[in-house]
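Please open the structure in your viewer and follow the stops below in order, selecting each part as it is named.

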Number of protein chains: 2
Amino acid sequence: MTEELSGGDLHRLRQLNALTVMRTLRGGSALTLTELAQRTGLSRASTEDVVRDLLERGWVAEAELKVGTVGRPARRYRFRADAGRVLGVDIGGHKVLALLSDLDGEVLHSERVGVDPSMGRMERLAAVDRAIAGALAGAGVSTADVWATGVATTGLVDGTGRVMLSEALPEWTGVDVAGHVSRRVSGPVLVENDSKLAALAESWRGVARYAKDVVFLLAGLRTGAGLIIDGKLHRGFGNAAGEIGALPQVGWIRAQEHLKAWTPGPGVTNIFQAARDGDRKAVAAIRRYVKDIAVGASALVLTLDPELVVVGGGFSRSADLILGTLRAELDRRCIRTPEVRASALADEGVALGALRLALDHVDAALNRPGELAAPSSFLA
Amino acid sequence: MTEELSGGDLHRLRQLNALTVMRTLRGGSALTLTELAQRTGLSRASTEDVVRDLLERGWVAEAELKVGTVGRPARRYRFRADAGRVLGVDIGGHKVLALLSDLDGEVLHSERVGVDPSMGRMERLAAVDRAIAGALAGAGVSTADVWATGVATTGLVDGTGRVMLSEALPEWTGVDVAGHVSRRVSGPVLVENDSKLAALAESWRGVARYAKDVVFLLAGLRTGAGLIIDGKLHRGFGNAAGEIGALPQVGWIRAQEHLKAWTPGPGVTNIFQAARDGDRKAVAAIRRYVKDIAVGASALVLTLDPELVVVGGGFSRSADLILGTLRAELDRRCIRTPEVRASALADEGVALGALRLALDHVDAALNRPGELAAPSSFLA
């Protein structure tokens, strides 16, 4: 090869170098030029050039010196996570939760609005509006600062962000969630099923962080599943992956009945609390519920052979009463029983997954060669 | 950025350019320097340098002129698929099939040795040896020419190429297939489950070529499944993906019984032929068989929501009697019914998948930057 490089080769190399530096700084800590050159494998001169370019375009900032630094330390550079904002919204049966974060996913404000499964679609959409407005106001940002919004909803979602079918909230079938939210924020709106997004959250910030293949079970007033395959959310060809509950043989349809059949005693309304207090009928009902859930979970596990099963959703707070039976049932049915863990994201998992969906959209745009304009033109 | 590139940057660019050219020529037709420069986006000068380098190292050859070419046409360059050889071996219940191919997967010789499910492991391994020796002799190559060997076997295979569990051939449980075959060939030996490799073959050269997510059903004397997810074979954490048949609720365990319960009439031993000839009991038995298979297939489809279901294995020749009922049953149970097609690879699918496994290993080595030594040193 000659040492003469054509203009096209040089341009290509520059793009690659800029993306390499962005990827290295993105989500990590601030680095000096020397550290950046080491981690990227670029020459010191190329690193300097790329950083100067990214500073000018507004993607990178000089990090502030730590208090107590003496002498004249080398300058450090960081990704400008504050260049933009994203929103994650969970539209549930009992609450709407909106999280507003910077580009690193650092949550700046969280806004919760109570709703009810019996509400009509207009009431629920009004609650969505209040949650979004509250999140924006709470963080002191305008809709124009929002680069992307992720929305989680119950039910099957089509490619345009409309709810195709919702078993849990029949009124919700047919709602154009993306269309509605798009009128409240700037930037693209991505809508996805709540079980899928809760799975995404576990793999981002939950107990599934280090696992490649994960089966997530949403256990609560409804039962659902989300799959992480090879580190990525698996949606399926028609966005209907994880819907094993539709198969009558797996028992998810009747599972809830066991819990409903339990009669609350005086002063006790929570079956899990009753079970902890020694109510034998409550213990037996929960056991029957978990046994039914376990058939579907076994079908998912036998299909995918995941590394990990995560139990999330409302019932994950009562994991002490669920995981033992679930593990035993999986053991009985599966060729290899994966690790089974409870979610630690409490009831924010779904909204965090919606936030991650928005961040994934931003990252995809950032990684597309040739699109690294200034952040201000990101939405243009 | 300055126009001065460090030695490290230049070396990096050269490696990238060499791999870009290799990827463009690999598996495609011969190209002129002008065409190569266009397709790779490299400058003419860089392309010339890379090609000269690859010619010297033996990875690329000048393509022969077509007969009848007049004038002085531009030289064309091709990937040297004849630089090495790979083997694909299917160890089945009724046959051992060994395919020997070049690095493009062009089969040069196919060797078939009949076996029997009742054979012991030593007899079956002797048949494997005969098939491999026959494939090598038939193609006129020595074991030293074989860069990699893929082997398909029934049962669950562990990470070292040993059979952990074989339901179909109990004698086969515990056999160290990789260890045995390694003593017959040079280069690495990769062993994988037959349903998984048949799925891989469909996605390489079969009806699943253009699909990203595929459920492959091996329908024959045994029922098995292999999954292609995002274009890649999904193995699972413990290499046990697709084993949905282990769940009693899905009906695969009893499915065969319906076929076995049919009594052959005088002169007719094949239930599918009998069904075509109008034997009502044969038709009903096949229908019951497919209905049982369909429950497991539905569980796979509801879990993954694939684009396509492929039916392969011995019974795929009788797809006319199977696919209609299978489609109707999937329709009844699944949220979205994928396309259902029969394999067109006849009984060579599994062996082709084994060949692809060997080629994947070679490709991975070729794509590893810094390993592009001469082909002759590939096995060193």
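Helices here are DSSP runs (H or I, at least four residues), numbered from the N terminus, and axes are lines fitted to C-alpha atoms, for helices over the stretch in contact, with angles that run from 0 to 180 degrees between N-to-C directions. This is a predicted model, in which local features need pLDDT of at least 70 and side-chain atom pairs count only at pLDDT 80 or more, while totals for chains, interfaces and linings use all residues. Residues are numbered from 1 along each chain as its sequence is written, chains are lettered from A and ligands numbered from 1 in the order in which they are written, and side-chain values use heavy atoms, with hydrogens and water left out.

Select helix α9 (residues 280-304) of chain A together with helix α10 (residues 319-333) of chain A, whose axes come within 8 Å and cross at roughly 45 degrees.

Next, select helix α2 (residues 33-40) and helix α3 (residues 44-57) of chain B, which pack at an angle of about 110 degrees with their axes 9 Å apart. α2(B) and α3(B) are therefore roughly perpendicular to each other. In the contact (heavy atoms within 4.5 Å), the residues of α2(B) include B:L33 and B:L36, and those of α3(B) include B:R44 and B:V51.

Finally, select residues 17-61 of chain A, which UniProt lists in an unreviewed entry as "domain: HTH iclR-type". Over this stretch the chain is 69% helix and 9% strand, and the end C-alpha atoms are 17 Å apart.

Key: Helices (H or I, at least four residues) and strands (E, at least two) are DSSP runs, numbered from the N terminus. UniProt positions are given in the numbering used here, feature names are shortened, and annotations may be inferred rather than shown by experiment. Angles under 35 degrees count as roughly parallel, over 145 as roughly antiparallel, 65 to 115 as roughly perpendicular and the rest as oblique.
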